[in-house]
Amino acid sequence: MKKILLLFIISAFSLNFSFAQTNEYYFKFKENDKKIINTTLTKLISIDNVKDGLVYAYANDKEFKEFQKLGYDYELLPAPSSTTKVINMATTLGQMSNWDRYPTYEVYRQMLKNFETNYPSLCKLDSICSLASGRKIYSLKISDNVNTAENEPEFVYVSSMHGDETTGFIFMLRLADYLLSNYASVSRVQNIVNNVELYILPAINPDGTYYGGNNTVAGSRRYNANGEDINRDFPDMVIGANNPPYEPETQALMDFAAAHHFIFGGSFHGGAEVVNFPWDVYTSVHPHPDDNWFRQVCTDYVTSARLVNPNYMTSVNSSGITEGGDWYVVNGGIQDYYNYWHHCRMVTLEVSNIKLLGSENLVTYWNINQNSLLGFIEASLYGISGTVKNINSNPLDATVTIASHDADNSWVITDPSIGDYHRVIAPGTYDITYASVGYISQIHTVNVASYASTTIKDVVLLVAPQTNVTGTITDATSGTPIQGVTVTILSSSYPNVTTNASGQYVINSVYEGSYTIQVSKAGYITASQTVNVTTTNNVFNFSMTLSDPEGFETGVPACWVNSADNLAWSQVNTSPHGGTYCMKSGGFNVNNANSIFQITLNIASAGNINFWNKVSSESGFDFLKFYIDGVEKGSWSGTVAWAEQSYLVTVGNHTFKWAYTKNNSVYNGSDCAWIDDIVFPTSSQTITFIVKDQSNNPIQGANVNFNSTNQTTNASGVAVISSVSRGLDKPYTVSISGYNTNTGSVNVNYCDASINVSMAPVNISEISNKSLASIYPNPFNHLINIKSDNIITRVIIYNLVGSEILNKSINNYQFQLTLETIPSGVYFIQIHTNKGIVNKKIVKE
Ligand SMILES: [Zn+2]
């Protein structure tokens, strides 16, 4: 809402009017704890630098208000762009000839147009975004045959997404000019222009760069016209870090990436001198799979620049390079976005300690960086490249993945219009899988000799055979077929099918290959199988379990782990999603609250976890987050109505965590989150029986019969029965001689459970009818007489520790027992008649 309103203000009134609406603060404060910087602070304000225990940061009005509540002793600093003494502007094209001025917006536009006009076969100008201000984000493509897509790597340089970091802006213009004007004469330039499709976007935040008006960069600022940091606005690899709508600049750069197949690129910044490589969201504890390649090409950039100025790029560390999160963590940056979502190697180039470099220094900085800028582009020509086509030489949309290497989306894809791929990588030998839907995958071993060598590997894939995939879906409990189940092959274009009255489904003409098949129907747990479909392996049956959602109607089962005290989640009966109750987070009006509710389950078959959630929080600051095994799967903030979420879960032990996490004191709405009606994938539980006597001593050797399994208790009286499926009233029987057999039943839900079984010795069990039988004499010497009005069928005698010492079959109304050999003492006698059982204590003298 706020963004729409601001756009309206900007378009309805003059640009100057918006100055007062979106202030930009620049400040510094002390914070030595990297953990606080990399979590709380980086999400709240736009950190610009972290140096010697000091954090330098920007904030808009809202962010600054939030920051002030943290209570830091901060110092407001003048806007960096206001401290630059010499800002000479070129108001004519001719004044740019010495490259010691900044162009006005109009001169900038004219320069780009002239590049295209003067070099029509090498240069093509496009606009990727028209902003409300009327300014545009321009893209220059420089390549031979510039209007034709060729088998060449696509490389991209973008600059000044922080509008006041302008050194790269001039680099970009001068680089384009250098390449175009030297193409005819310099072989190194020819090599780049002939073999690379180079894209240059000199100013991707023109509203920030020309915030002081189109005739000067003097009033430039970091944020865009809406007061937002574009380089914190992208969806990064931590899914859900940012949500649409995106700023217009961000959206344009996302669309631009989707329309191309960039394999390498750089984003120019200022305020420090360092080359920063992925990840920004993680420290080097979680390295990019091509970490060694990044370190090499970034070091090459620094080494080449230091040939001109040995002291260059030392402001962050002596190497001149840093893994992003090792400097400070950034969420929502373009670097990680291009890397993770578009398989591009993107780095951040911080090229001058002064953000708005004095125009008198522009030539010096270009001279330091010129070779490095070219070398970076040249690096896109090395590694492994080639084409993936079919037998008719048609290019294929294929993935190129390196086994035991690629992770976090580091695999590359072909450009389907050409079929070409380009994989920059460190020297080594790699097994590469080439895969395309409808074709048989191939694995090739490819060697890369050095960082400056290129291995060409062209691949022709053969069409995969097709087969019909079928199966039957039945109810796991009753075994009856289930009609109306939706069967989906995930991540494919095969249409969903539904089971018929016999529970059968058919998916026609599926190419051989590996797929995940998912089955879902309301009321059942969604299940899935990852299968390898071939013409002879094409029948996949499923059994589905009723979903039995956890709606917390009878409280919270003991297997949940809840935060303590005022951070605990609690059962409430206000507006649940279903039933009478739901769970509500703690943390109301608690600073930096982290209210956690979690459970660990042993998932027996792959499927989905589904749950409903609702949030009422301070938008953008206080979140409900859902994690599986510590990996954030979703986050919600602001006013979010009940909505169902669904995530795939694999077989094995998994921890499901819901956390309501807040920043500092401000809260909005009800300041909490709710969850309800959780359906877990089919899990198997471990049920532990603890068998004791009535004095609470463990009983060893008892037989526990449960879930079609027999287990004997150990010395601690424990029998553990695992892989128990859910079910109501599952019966158990515990038996050992000397004790009455104990029977009962357990309701097995998704929780592991312990069952305490107390065994009563046979002697103390209730005598149902004392007149059933009589014994005399008692105490006795050697002989006892037993008599009954009913037929006595059996007599058993136990000693005091429960051991059977006599077990005799009888078939009479009375009889005499001789007990000469047993020692004197107390015994128990159990008399079975055709009308019941009598237990009695007897004493031998
Ligand atoms: Zn920056």
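Modeller: In this predicted model, helix α11 covers residues 334-342, and because eight of its nine residues are buried, the helix is largely enclosed by the rest of the structure. The buried positions are I334, Q335, D336, Y337, Y338, N339, Y340 and H342, where buried stands for a relative accessible area under 20%. The surroundings of these buried residues are made of both helices and strands: they pack against α8 and α9 (291-306), and also against the strands β9 (154-159), β11 (262-269), β12 (272-277) and β14 (345-352). After the helix comes H343, with a positive phi near 55°.

Helix α8 spans residues 248-258, and the loop between α7 (206-209) and α8 contains D233. This aspartate has a relative accessibility of 9%, so D233 counts as buried. A polar atom of the D233 side chain lies 2.8 Å from the backbone nitrogen of E247, a distance that falls within the 3.5 Å used for a polar contact.

D677, which is not a glycine, has a positive phi of about 50° and belongs to strand β39, residues 672-679; with a relative accessible area of 16%, D677 is buried. S723, likewise not a glycine, has a positive phi of about 55° and is part of strand β43, residues 718-724. At 54% relative accessibility, however, S723 counts as exposed, whereas D677 is buried.

The peptide bonds deserve a look as well. The bond joining Y776 and P777 is cis, with omega about -10°, and P777 sits in the loop between β47 (773-776) and β48 (783-798). The bond from N778 to P779 is also cis, with omega near 5°, and P779 too lies in the loop between β47 and β48. In general, most peptide bonds are trans.

The C-alpha trace spans about 130 × 65 × 50 Å along its principal axes. The radius of gyration of the chain is 37 Å, whereas a compact globule of 845 residues would have one near 28 Å. Contacts that reach across the sequence are also described: among those between residues at least 6 apart in sequence, 67% join residues at least 24 apart. As for the charges, the mean position of the 49 positive ones and that of the 70 negative ones are 7 Å apart.

To return to the part you asked about, α11 is a helix with eight of nine residues buried, packed against elements that include α8, α9 and β14, and followed by H343 with its positive phi.

Methods: Residues are numbered from 1 along each chain as its sequence is written. This is a predicted model: local features need pLDDT of at least 70, side-chain atom pairs count only at pLDDT 80 or more; totals for chains, interfaces and linings use all residues. Side-chain values use heavy atoms; hydrogens and water are left out. Helices (H or I, at least four residues) and strands (E, at least two) are DSSP runs, numbered from the N terminus. Buried means under 20% relative accessible area, exposed over 50%, partly exposed in between (1.4 Å probe, protein chains only). A polar contact is a pair of N or O atoms within 3.5 Å; within protein, one must be able to donate a hydrogen and the other to accept it, and residues adjacent in sequence count only if both atoms are side-chain atoms. The radius of gyration is taken over C-alpha atoms; the globule rule is 2.2 Å times the number of residues to the power 0.38. Contact means heavy atoms within 4.5 Å. Lys and Arg count as positive and Asp and Glu as negative; His and the chain ends are not counted. The place of a charge is taken as NZ of Lys, CZ of Arg, CG of Asp or CD of Glu.
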